[in-house]
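Student: I have a protein model open on my screen, and I would like to learn how to read it. Could you take me through it step by step?

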Amino acid sequence: MTRTTLDLTGLKCPLPALKTRKALKPLRAGDQLEVHCTDPLSVIDIPNLIRETGDKVEITERNEARIVFLVEKSDAP
């Protein structure tokens, strides 16, 4: 299992979701992607994206400065 960090601070919708989708593709089941965002819409967009991909996501940090998601790649197709 590996953990990759993706810094998307400063990017606005839809870029955080698009870049998250691209970063998830090469990951293997069990790998984790830590995504750092500043766009408030990412709290809607990224969980919706992860629902579509079948992976798991949780918000590990949310404050005025940033939002951090931890996504775990599942073995779903």
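Student: What pattern does the protein follow when read along the sequence?

Tutor: Write α for a helix and β for a strand, in the order in which they come. In this predicted model, the order is β-α-β-α-β-β. That comes to two helices and four strands.

Student: How do I judge the overall size? What radius of gyration does the protein have?

Tutor: Compare the value with what a compact globule of 77 residues would have, which is near 11 Å. The protein has 11 Å, so the two agree.

Student: Which share of the residues counts as buried?

Tutor: Here we ask how much of each residue is accessible, and a residue under 20% relative accessible area is called buried. Of the 77 residues, 39% fall in that group.

Student: Let me try one residue. Is Lys19 buried, exposed or partly exposed?

Tutor: Lys19, found in helix α1 (residues 15-24), has a relative accessible area of 39%, so Lys19 is partly exposed, since that class lies between the 20% and 50% cut-offs.

Student: Which residues is Lys19 in contact with, leaving aside its neighbours within four places in sequence?

Tutor: Lys19 touches Leu6, Leu8 and Leu11. Take Leu6: it sits 13 residues from Lys19 along the chain, and their C-alpha atoms are separated by 8.7 Å.

Definitions and conventions: Residues are numbered from 1 along each chain as its sequence is written. This is a predicted model: local features need pLDDT of at least 70, side-chain atom pairs count only at pLDDT 80 or more; totals for chains, interfaces and linings use all residues. Side-chain values use heavy atoms; hydrogens and water are left out. The radius of gyration is taken over C-alpha atoms; the globule rule is 2.2 Å times the number of residues to the power 0.38. Buried means under 20% relative accessible area, exposed over 50%, partly exposed in between (1.4 Å probe, protein chains only). Contact means heavy atoms within 4.5 Å.
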